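Let's go through this protein together, one question at a time. Have a look at it first, and then we'll dig in.

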Amino acid sequence: VSNGRLLTIRFDATVGDVLPWSFTPTQLDASALTFFTVTNHSDRPLTGVATYNVHPPKAGLYFQKIQCFCFEEQRLLPGETVDMPVFFFVDPDFQQDSQLQHVHNLTLSYTFFPTEYDEDDEEEDDEAA
């Protein structure tokens, strides 16, 4: 973008209290591709889904994800560690939005939560016992 301004993109990763996973942004560079590393610390397979938000909220209109682990549920085996990509861009129209003219930092935050799928697995395991 000619006459564009420099944007700093920060990444934040958290996990809901009941999901025994660790989750961190791990590969951050100048490109629009970044990776997050997630590990299942439990002794059973677990499925999680990531929700996201962008701050400031109005900037979320311009933050476009092309590829993201948040598009699908993620199932990790016991002790498994996976690197998950996010491929994104900030729409050039961001530069023209007068409400965002003083914004130079964007934060993309993800939070992983367990899915109901694993709760059903636990009930089946309990019934089989």
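Q: What pattern does the protein follow when you read along the sequence?
A: Keep in mind that this is a predicted model. Reading along the sequence, you get β-β-β-β-β-β-β-β-α.

Q: Which element gives the most to the largest nonpolar core?
A: That core has 28 residues, and those with the most contacts inside it include F23, F36, F69 and F112. The elements that give two or more residues to this core are β1 (8-15), β2 (21-27), β3 (33-40), β4 (46-55), β5 (63-68), β7 (81-90) and β8 (105-114). The top giver, with four residues, is β8.

Q: Why do C68 and C70 count as a disulfide, and how far apart are their sulfur atoms?
A: A pair of cysteine sulfur atoms counts as a disulfide if they lie within 2.5 Å. C68 and C70 meet that rule, and the count for the protein comes to one disulfide. Both C68 and C70 are buried. Their sulfur atoms are 2.4 Å apart.

Q: Is the disulfide of C68 and C70 right-handed or left-handed?
A: Look at the torsion about the S-S bond. For C68 and C70 it is about 130°, so the disulfide is right-handed.

Q: Is S42 buried or exposed?
A: S42 is found in the loop between β3 and β4. To count as buried, a residue needs under 20% relative accessible area. The value for S42 is 15%, so S42 is buried.

Q: Which residue's backbone oxygen does the side chain of S42 reach?
A: Leaving aside neighbours within four places in sequence, S42 is in contact with P20, P78 and G79. A polar contact of 2.8 Å also joins the side chains of S42 and N40. As for the backbone oxygen, the side chain of S42 reaches it at 2.8 Å, and it belongs to R44.

Terms used. Residues numbered from 1 in each chain as written. Predicted model: local features only at pLDDT ≥ 70, side-chain atom pairs only at ≥ 80, totals over all residues. Heavy atoms only, no water. Core = buried A, V, L, I, M, F, W, Y, C linked by side-chain atoms within 4.5 Å. Buried < 20%, exposed > 50% of the residue type's maximum accessible area, 1.4 Å probe, protein only. Polar contact = N/O pair within 3.5 Å; in protein donor to acceptor, adjacent residues only side chain to side chain. Contact = heavy atoms within 4.5 Å.
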